[in-house]
Amino acid sequence: MNLSLPVAMGSRKAEHEARLQSMFEAHFNTVWRTLRRLGVPEPGADDGAQQVFLVASRRLDEIEEGGERRYLLGVALRVASEIRRAMRRRREIAMDASMLEVLDAETVKQHPDEALANKRALLMLADCLQKMPEKLREAFVLFELDELSAPEVAQLLRVPIGTVASRVRLAREHIREHLGPRGAL
């Protein structure tokens, strides 16, 4: 009787769970913020993030070491699209003005005037993103806010790199137009 097979399977399961836990701890906040920035309302962001990590759990063996963040953001992109599509069918409001607000350690340490200015800037950006066409918003959020490279964004959106550059440029123009004399990127 060979007892090494169950032990090996148990060890593999433990490694799987440890890697998933590590991914969750390292990337949950990023996934949640990305979902919000992509138009998922706050109540749906938690469920959306859970969906992202469920997909990652099922496909963990396919995720290359070091590529976890990019993979999770790609799944978040698709989950956000599905949630927005479902919301349109139900005719719900896609975003609210607080979609970018996520307190982090740096925000808490800021001087109150600086924190207020940053909060206002985030609210203005949230309003701009809400009014931005979906394709432009996706490229802008992934490239500028989540800091993925243009080739990574192109791969996630399944478009040429030039299209990513064009969408990011148009998104910046949209924001400049929306902000008008109040500020610019």
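Predicted model: local features only at pLDDT ≥ 70, side-chain atom pairs only at ≥ 80, totals over all residues.

Colleague: Does Asp146 count as buried or exposed?

Modeller: Residues under 20% relative accessible area count as buried. Asp146 has a relative accessibility of 2%, so Asp146 is buried.

Colleague: Which residues does Asp146 touch, not counting those up to four places away in sequence?

Modeller: Asp146 touches Thr30, Thr34, Arg37, Arg69, Leu73 and Val141.

Colleague: Let me step back to the whole protein. How many helices and strands does the secondary structure have?

Modeller: There are 8 helices and 0 strands. Along the sequence the pattern reads α-α-α-α-α-α-α-α. The protein has 185 residues, and 38% of them count as buried. As for contacts with a separation of 6 or more, 69% come from residues 24 or more positions apart.

Colleague: Now a single helix. How do I read which side of a helix is buried?

Modeller: The general idea is that an α-helix has 3.6 residues a turn, so residues three or four places apart point the same way. Here is the case of α7, residues 150–157: Ala150, Val153, Ala154, Leu156 and Leu157 are buried. These residues lie on the same side of α7, because they cover an arc of only 165° around the axis. Just after α7 comes Arg158, with a positive phi of about 60°.

Colleague: And which residues of α6 are buried?

Modeller: In α6 they are Leu136, Arg137, Glu138, Ala139, Phe140, Val141 and Leu142.

Colleague: How do I read the packing of two helices?

Modeller: Two packed helices are described by the angle between their axes and the distance between the axes. For α7 and α8, the angle is about 100° and the axes are 8 Å apart. Angles of 65 to 115 degrees count as roughly perpendicular, and α7 is therefore roughly perpendicular to α8.

Colleague: Which residues make that contact?

Modeller: From α7 come Ala150, Pro151, Val153, Ala154 and Leu157, and from α8 come Ile161, Val164 and Arg167. By type, the contact of α7 with α8 has 7 nonpolar residues, no polar ones and 1 charged.

Colleague: What about the largest nonpolar core: which residues touch the most other members?

Modeller: Val31, Leu35 and Leu142 do, in a core of 44 residues. At least two residues of this core come from each of α1 (4–37), α2 (42–58), α3 (68–90), α5 (112–131), α6, α7 and α8 (161–179). The largest share is that of α3, with 9 residues.

Colleague: Where does Leu142 make its contacts, leaving aside neighbours within four places in sequence?

Modeller: Leu142 is in contact with Leu73, Leu77, Glu147, Leu148, Val153, Leu156 and Leu157. Of these, Val153, Leu156 and Leu157 are among the buried residues of α7.

Colleague: Could we end with a residue of α2?

Modeller: Take Ala49, which lies in α2. Ala49 has a relative accessible area of 0%, so it is buried. Beyond four places in sequence, Ala49 touches Phe28, Val31 and Leu35. The C-alpha atoms of Ala49 and Arg33 are separated by 9.4 Å, and the two residues are 16 residues apart along the chain.

Definitions and conventions:
Residues numbered from 1 in each chain as written. Heavy atoms only, no water. Buried < 20%, exposed > 50% of the residue type's maximum accessible area, 1.4 Å probe, protein only. Helix = DSSP H or I, 4+ residues; strand = E, 2+ residues; numbered from the N terminus. Arc of directions from axis to C-beta. Contact = heavy atoms within 4.5 Å. Core = buried A, V, L, I, M, F, W, Y, C linked by side-chain atoms within 4.5 Å. Axes fitted to C-alpha atoms, helices over the stretch in contact; angles between N-to-C directions. Parallel < 35°, antiparallel > 145°, perpendicular 65-115°, else oblique. Nonpolar A, V, L, I, M, F, W, Y, C, P; charged D, E, K, R; others polar.
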